[in-house]
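Notebook open, structure loaded. I'm jotting things down as I look them up.

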Amino acid sequence: MAGDGRGTPLLAGGARTPDPADRSGRPGRRPDGGARGHAALTTALAALRIGPAAILVLLVVVLGLLSDVFLSLENLGNVLKQSAVICVLALGQLLVVVTRGIDLSVGSNLSLSAVVGALVWRDSGSTTLAVAATLLVGTLVGLVNGLLYVKGRLPHPFIPTLAMLSAASGLALYLSHSETVQGVPPFVDELGAGRIAAVPGGGEVGWFPTAALVVLVVALLVTLVTRVLVWGRWIYAVGGNPEAAVRNGIPVPSVLISVYVVCGLLAGVAALLTMGKGDAGSPTSGALAELDAIAAVIIGGASFLGGRGSVVNALTGALVIAVLRNGLNLLGIDPNWQYMATGAVIVAAVELDVLRGHLEARFRSLQAVSTP
Amino acid sequence: MTGDATTAPPSGPPVLSVRGVSKRFGAVVALDDITFDVAPGEVLALLGDNGAGKSTLIKTISGVHRPDEGAVVLAGVDITAANAMTVRAHGVETVYQDLALFDNLDPAANFFAGREDAGPGWLPRALRVMRRRRMAERTRELLERLQVTLPDLAAQVALMSGGQRQAVAVARAVAFSSRLVILDEPTAALGLRESARVLDLVRRLKEDGVAVILVSHSLDHVMAVADRALVLRRGRAVGETVPTAGNHEQLVAWIVGATDTRAG
């Protein structure tokens, strides 16, 4: 057709704004770099994507050099056992964070679920009932979180889950008369404190904690559910672009409620591990655990802007925290340093992520000039 | 239907028929008695200054707004009162400037978002198992048919350039047998080469028999691909013609309001 190339674009006014979906503020499309910059960027991006794993490996190597005990199977078993609760909580938190949410209540939820589970065991003597009650309480707390956020139209999940942090903790203290409820089913003891002798290397008792097996099973299930089921795709879609999710007919409210329910269920699983570890249901056993879980997810590179985060990276984040604690303990360093070190690792991990964001923006603008 | 000198009436029954549509927001008349047709495989350009009513018009067609008067008929079905989801179900897709892509997902996931190919059917939708390979395969076929080349089909959309993202959004719009695609300023944020690629894509939609309404500020782009141009000014249709280099001045005059007569 006729374009003679003469006319300049008319009306270069307000409609000429850049694409608002592009949050990172794409820089201009200067024809710099070309193929050379392209390859370098691809390499740098690939390196940054394994950032969390790199931090973990670095920690393990350094601690292994500094301490003779650190790399012993027995100690590694301890690390796995100590990290199990954070791992399970982090997997639940991951699902929530991917949808741009946060669940501050998982620690209190853990305490409440543990207390109820121990009370049911004390009064009924039924393992099945005790385990079911623990998981049910966790799930219900999650459901209430989700309903308050979505149906109660609270402006941000911070609010309902902060309220729940307080309420569940209060209920746990009330139900237990502020005392630890002693005794849990032997099955739960095995989950939280047992070791699997069948895994070679640990002698007759074994070094590999049953809790780590629980983590593996949960991680496998979460991976399966998020990668194979439509539900998993929807979680990432809702996190990536909630408005577009609505426009594409994804049932966003149900998806949002469901992630808090699953996060609550996993708090129940974490409660079982905690009960087993201490052979009791304590009303303060989950205190501050939510912060570890959130830190693990962030160290694992999940974005609070939503849509990003993976099971493996969340577990890596949880392991980083556990390794750091264990290592500093072994080195006889003041426990208060552990908290400061965790803080430093969080900042370092997120800085790496920010760098990744910048490189991706560069990559995008290169695409505009270098693809055929 | 291509670059004829005269405004040939679209052959065959129109895909879309807008009949005397008016829309008011309070005292403001956003659309005033707009009437036009779009035929299958026709590219209709919608021109006008900011505030001329282009956005209101495409939102009225796509079911976001409901007209106060008049009717919107799609292939014989009155969709005047339908909401956005229903209009989409009837095969009208709108690609807004924000593209509404899922930046964190790959093209296939974007195409199938909300309508994932999954089974078995007796399970609730959320619990069905996705057929990822089939979705990827269909995505590849579609992009091939539209001659959209992407460096990496498994890469998330966030890593693609503005033009590639636009192409993905347009391809998604036509992925599910749509009859009419509305493109809102598809080249506004793009450089020269990427704009040219998007315009190629519009031509291929046309070859596929898809009707296109193209909102654009660039007369060059309109002349390059549009069969007809409809000019809006202050909510009224002030001119309609085949956009050519010859009537460039006329189009500009309509847009800025130098003359106020409807041609043809």
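Predicted model: local features only at pLDDT ≥ 70, side-chain atom pairs only at ≥ 80, totals over all residues.

I started with helix α12 of chain A and asked which of its residues are buried. My list reads A:Ala289, A:Glu290, A:Asp292, A:Ala293, A:Ile294, A:Ala295, A:Ala296, A:Val297, A:Ile298 and A:Ile299. That is ten of the eleven residues in the run 289-299, so α12(A) is largely enclosed by the rest of the structure.

Next entry, still chain A. I wanted to know at what angle α7(A) and α8(A) pack. Helix α7 covers residues 186-193 and helix α8 covers 210-228; I get about 85°, with the axes 5 Å apart. Angles of 65 to 115 degrees count as roughly perpendicular, and therefore I'm filing α7(A) and α8(A) as roughly perpendicular to each other. Then I looked up who meets whom: A:Glu190, A:Leu191 and A:Gly192 come from α7(A), while A:Thr210, A:Ala211 and A:Val214 come from α8(A). Sorted by class, that contact has three nonpolar residues, two polar and one charged.

Over to chain B for the sheet. What is the strand order? I read β6-β9-β10-β3-β11-β12, an open sheet of six strands with mixed pairing. β6 (92-95) and β12 of chain B are at the edges with a single partner strand each, so each has one side without a neighbour in the sheet. On average, neighbouring strands are turned by 20° against each other, ignoring direction.

Strands β3 (residues 43-47) and β10 (residues 211-215) of chain B run parallel, joined by four bridges, and B:Val43 has B:Val212 as its bridge partner in β10(B). I also found helix α6 (residues 192-207) of chain B packed on the sheet, where it touches β3, β9 (180-184) and β10 of chain B. The direction of α6(B) makes about 150° with that of β10(B).

The other pairing is antiparallel: β11 (residues 228-233) and β12 (residues 236-241) of chain B, with five bridges. B:Ala229 pairs with B:Thr241 in β12(B).

Conventions:
Residues numbered from 1 in each chain as written. Chains lettered and ligands numbered in written order. Axes fitted to C-alpha atoms, helices over the stretch in contact; angles between N-to-C directions. Helix = DSSP H or I, 4+ residues; strand = E, 2+ residues; numbered from the N terminus. Parallel < 35°, antiparallel > 145°, perpendicular 65-115°, else oblique. Contact = placed C-beta atoms within 7 Å. Nonpolar A, V, L, I, M, F, W, Y, C, P; charged D, E, K, R; others polar. Pairing = 2+ DSSP bridges. Buried ≥ 20, exposed ≤ 12 C-beta atoms within 10 Å, placed from the backbone.
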